[in-house]
Amino acid sequence: MPESLFIRASDEPLAARIRPKSLDEFAGQEHLIAPGKILRRIIDSDKIPSMIFWGPPGVGKTTLASIIARKTQAEFINFSAVTSGIKEIREVMKQAEANRNFGARTILFVDEIHRFNKAQQDAFLPFVEKGSIILIGATTENPSFEINSALLSRCKVFVLKALEPDDLVKLLRRALTFLGNNVYADDEILKAIAIFSNGDARSALSLLEMAANNSQANTDGKIIITQEILEQCTSRKSLLYDKNGEEHYNLISALHKSMRNSDPDAAVYWLARMLEAGEDPLYIARRVVRFASEDIGLAEPSSLSMAIAAYQACHFLGMPECSVHLTQAVIHMSIAPKSNSVDVAYMAARNDALNTLAEPVPLHIRNAPTKLMKDLNYGKGYQYAHDYDEKLTSMECLPEKLRGKEYYTPTEQGSEVHYKKRLANIKEWKAQHRT
């Protein structure tokens, strides 16, 4: 942004001031932009196809678009899905058509493209199809659900990942030079900012700038960012919590074992310790989803639905709002009846599966979609359960070597007592009819 009587470059947010101008300055996404990788080759060759950048906030979607804008020989138009409608789309398309008539390409970058409704997305489609525009969309939402399938099929999707702490630390070191020669922060502070930011470069840079602006110069004129200042800026303690270190695994272990031991008070405490230290709520939610089947299973089948609902709430809301949803799920998991029979069943079956990988599927339970397969006795002797009054048959479904093996042993906890009774009746019926 040019300086004027009213606008100075130093007035811009730090994230805008240090925005990379080339791929060599870009932080992260090595799987896409390292030398020889596909996106780097596309940008360097200026052979830009229509594409979608999908990734969480602050990972470089808009920055990549700005780098393309600098390198391309095409006209680059920046378009926001938040402030634009059908009228604006038509005006841009008209301009793109005029460019095409003069042999010029138009690259249209649409930020937050998932905010466009179906009709607005459809307005792009004919112009993408006939090559009037090259569309580059950026989205934080899954394109499979948020982008029209016809439009999506004409775009190459690139998945951008949350930045690793090491990538953010390098970026923050570079950012310090933009804050002035008298601003200092050691690597432990930069690492704390990186961890707190959950892979979001914009968030990390904003926190660094806020901390610098709120730090007092010492007698030597140096502004040193301390942990105390960071805690004040974020209203959180324990900013040096390491999500990849031993304490991370100690805390998630404490949460899991407290829920398993039916101790909701301890479980909520460990949950709060993790969240207030900056842990990713989606990580905790994933562990709760696992717990719902590993430690509860069919003793309380609704636990899995609640765990998934909590994960979705964390995805939609983020912190701090989603803390209450995680708390609800954690308390439920703690109080619910416990059974590990599902996990035990899988591990026992897995053991046998690994030792019998070459064991053929019995012919009678194979599909026979072709005449040749029928001639080879595929499906011969298959008994369709719905054709029988009891909806049961005595047909064997395990390989010959594993006949009679039992993997699932239900407990008498919660709802699983009903599964146990039903399974016992099924086994008794089958035993009688086999004889």
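Cys 314 is buried in this predicted model. Its relative accessible area is 3%. Buried means under 20%, so Cys 314 falls well inside that class. Is Cys 314 part of a disulfide, or in none? Cys 314 is in none. The nearest cysteine sulfur belongs to Cys 322 and is 3.7 Å away. The structure as a whole holds 0 disulfides. Cys 397 gives another view of a cysteine: at 47% relative accessibility, Cys 397 counts as partly exposed.

Now look at the loop between helix H16 (302-317) and helix H17 (323-335). Pro 320 has its place here. What kind of peptide bond joins Met 319 and Pro 320? The bond is cis, with omega at about 5°.

Turn next to the sheet. In what order do its strands lie? The order is S2-S3-S4-S1-S5. These 5 strands form an open sheet, and the pairing is parallel. The edges belong to strand S2 (75-80) and strand S5 (156-159). Each of these two has a single partner strand, so one side of each is left without a neighbour in the sheet. On average, neighbouring strands are turned by 15° against each other, direction ignored.

Walk through some of the pairs. Strand S3 (residues 106-111) pairs with strand S4 (residues 134-139) over 5 bridges, in the parallel sense. Here Ile 107 has Ile 134 in S4 as its bridge partner. S4 also pairs with strand S1 (residues 51-54), again in the parallel sense, over 4 bridges. In this pair, Trp 54 stands opposite Thr 139 in S4. S1 then pairs with S5 in the parallel sense over 4 bridges. Which residue of S5 stands opposite Ile 52? That residue is Val 157.

Helix H5 (residues 86-101) lies across S2 and S3. H5 runs at about 175° to S2. Lys 94 has its place in H5. Is Lys 94 buried or exposed? Lys 94 is exposed, with a relative accessible area of 67%. Its C-alpha atom is separated by 9.4 Å from that of Ser 132. Along the chain, Lys 94 and Ser 132 are 38 residues apart.

Further along come helix H10 (187-196), helix H11 (201-213) and helix H12 (227-234). In H12, the residues Ile 229, Leu 230, Glu 231, Cys 233 and Thr 234 are buried. What do they pack against? The buried residues of H12 pack against H10 and H11. Between H10 and H11 there is a loop, and Ser 197 sits in it. Ser 197 counts as buried, at 4% relative accessibility. Which residues does Ser 197 contact, leaving aside its neighbours within four places in sequence? They are Ser 203 and Ala 204.

Two other loops hold residues with a positive phi. Ser 262 is found in the loop between helix H13 (246-260) and H14. Phi of Ser 262 is near 55°, a positive value in a residue other than glycine. Ser 262 is partly exposed, with a relative accessible area of 40%. Asn 377 is found in the loop between helix H19 (371-375) and helix H20 (416-434). Phi of Asn 377 is near 75°, also positive in a residue other than glycine. At 34% relative accessibility, Asn 377 counts as partly exposed.

Finish with a pair of helices. Two packed helices are described by the angle between their axes and the distance between the axes. The axes of helix H14 (residues 264-276) and helix H15 (residues 281-296) come within 10 Å. They cross at roughly 150°. That makes H14 roughly antiparallel to H15. Which residues meet? From H14 come Leu 271, Met 274 and Leu 275. From H15 come Pro 281, Tyr 283 and Ile 284. By class, this contact has 6 nonpolar, no polar and no charged residues. An α-helix has 3.6 residues a turn, so residues three or four places apart point the same way.

Key:
Residues are numbered from 1 along each chain as its sequence is written. This is a predicted model: local features need pLDDT of at least 70, side-chain atom pairs count only at pLDDT 80 or more; totals for chains, interfaces and linings use all residues. Side-chain values use heavy atoms; hydrogens and water are left out. Axes are lines fitted to C-alpha atoms, for helices over the stretch in contact, and angles run from 0 to 180 degrees between N-to-C directions. Angles under 35 degrees count as roughly parallel, over 145 as roughly antiparallel, 65 to 115 as roughly perpendicular and the rest as oblique. Contact means heavy atoms within 4.5 Å. Ala, Val, Leu, Ile, Met, Phe, Trp, Tyr, Cys and Pro count as nonpolar, Asp, Glu, Lys and Arg as charged, and the others, Gly among them, as polar. Two strands pair if DSSP finds at least two bridges between them. Buried means under 20% relative accessible area, exposed over 50%, partly exposed in between (1.4 Å probe, protein chains only). A disulfide is a pair of cysteine sulfur atoms within 2.5 Å.
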